[in-house]
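Let's walk through a protein together and look at how its charged side chains pair up. Take a moment to find your way around the picture below.

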Amino acid sequence: MTATRRPTLLVLDAEPRPRLGRLTGRTTIEYTDASTLPERLPHADVLLVWDFTSHAVRDAWPGDGPRPRWVHTASAGVDHLLCPELVASDTVVTNARGIFDEPIAEYVAALVLSMAKDLPRSWELQGRREWRHRETLRVAGSRACVVGSGPIGRAIVRSLKAIGVHSALVGRVARVGVHGPEDLDRLLARADWVIAAAPLTEETRGMFDARRFGVMQPSARFVNVGRGQLVVEDALVDALRRRWIAGAALDVFDREPLAGDDPLWDVPGLIVSPHMSGDTVGWRDALSEQFVKSYDLWEAGRRLPHVVDKRRGYVPGA
């Protein structure tokens with residue numbers, strides 16, 4: 001009797017590796033990096049993009065031969081892997097929707113409180129042993145414009161509500177509880193806090209440019225926890241230096257990691273963090289567990305969760 005061939009699971013590697021012990025004996029697990037991915041893709045049934053900072057999939061996918069039937073990325077964003085050939089294929093793409101929502105929302109709330117209460121300045125003065133009394137801002141009753149109506153954006157609204165911030169949520173299309181893009185400028189002009197949490201698509205790329213920063217109040221503060229390419233970084237730097245806005249915090253950047261000599265490190269009023277807003281203790285284990293549960297469904301021929309609309313670039317309804 002001929003033995004049934006085990007599916008081949010190809011993992012685009014990053015350290016530490018995912019915990020896939022529950023798949024032992026059920027699948028052949030192979031690890032690859034950017035250099036070997038093109039030659040290994042034709043032999044894989046499933047591709048796990050564990051290194052979600054890599055663009056290797058987007059570069060390798062257009063090659064010759066068969067392609068995996070399912071690609072899962074251990075991230076919320078999928079712009080790093082989508083290319084025309086993958087979009088046009090029958091391959092199912094899923095993402096790590098649900099893992100990062102609440103951690104990112106907590107991070108945004110922490111940034112809002114930190115900027116309102118001038119905590120970075122307090123730490124700076126403490127380091128100099130300098131006693132300088134200041135007044136700070138009330139958070140309760142302030143207004144936020146949250147751009148991106150997916151699970152992360154909705155979690156941010158809930159988190160801000162808990163500290164008394166009134167939020168307007170902006171999405172791709174208007175619906176109950178969500179404003180459409182046509183309302184964005186009006187909402188920006190009224191907001192004390194502008195939070196970017198949108199996916200990166202052709203419509204959102206560079207949406208926060210000089211004109212949009214010019215629309216904001218001089219007292220407004222801007223936070224980006226979406227994708228770095230949502231922001232024209234030079235325009236943000238100019239807005240901060242000209243004091244068109246009062247401050248900003250970036251957790252994502254056009255190019256990562258941020259080079260040591262990048263001028264963004266020294267911009268007055270800008271808080272820089274290294275793409276860590278969603279990464280809480282145990283996050284990699286949660287990503288592994290999510291993938292293994294999805295693999296169970298795939299193996300059983302059942303519908304996968306969090307299927308990305310490849311033409312839109314995100315999970316429908318997000």
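Glu-130 has a relative accessibility of 28%, so this residue counts as partly exposed in this predicted model. Its partner is Arg-128: the two side chains form a salt bridge, with N and O 3.0 Å apart. Arg-128 is partly exposed too, at 44% relative accessibility. Why can such pairs form? Side chains of opposite charge can pair when their charged atoms come close.

How many salt bridges does a search of the whole structure find? The total is 23. One of them is between Arg-22 and Glu-289, whose side chains meet at 3.1 Å, N to O. This pair links distant parts of the chain, as the two residues are 267 residues apart. You will find Arg-22 in the loop between strand E1 (8–12) and strand E2 (28–32), while Glu-289 sits in helix H10 (residues 283–299). Arg-22 is partly exposed at 43% relative accessibility, and Glu-289 is also partly exposed, with a relative accessible area of 34%.

Now turn to Glu-202 and Arg-205, another salt bridge, where the closest N and O atoms are 3.9 Å apart. That still counts, because the cut-off for a salt bridge is within 4 Å. Is Glu-202 buried or exposed? With a relative accessible area of 63%, Glu-202 is exposed, since exposed means over 50%. Arg-205, at 44%, is partly exposed.

Finally, salt bridges can share partners: Arg-22, Arg-26, Glu-289, Lys-293, Asp-296 and Glu-299 are joined in this way into one network.

Methods: Residues numbered from 1 in each chain as written. Predicted model: local features only at pLDDT ≥ 70, side-chain atom pairs only at ≥ 80, totals over all residues. Heavy atoms only, no water. Helix = DSSP H or I, 4+ residues; strand = E, 2+ residues; numbered from the N terminus. Buried < 20%, exposed > 50% of the residue type's maximum accessible area, 1.4 Å probe, protein only.
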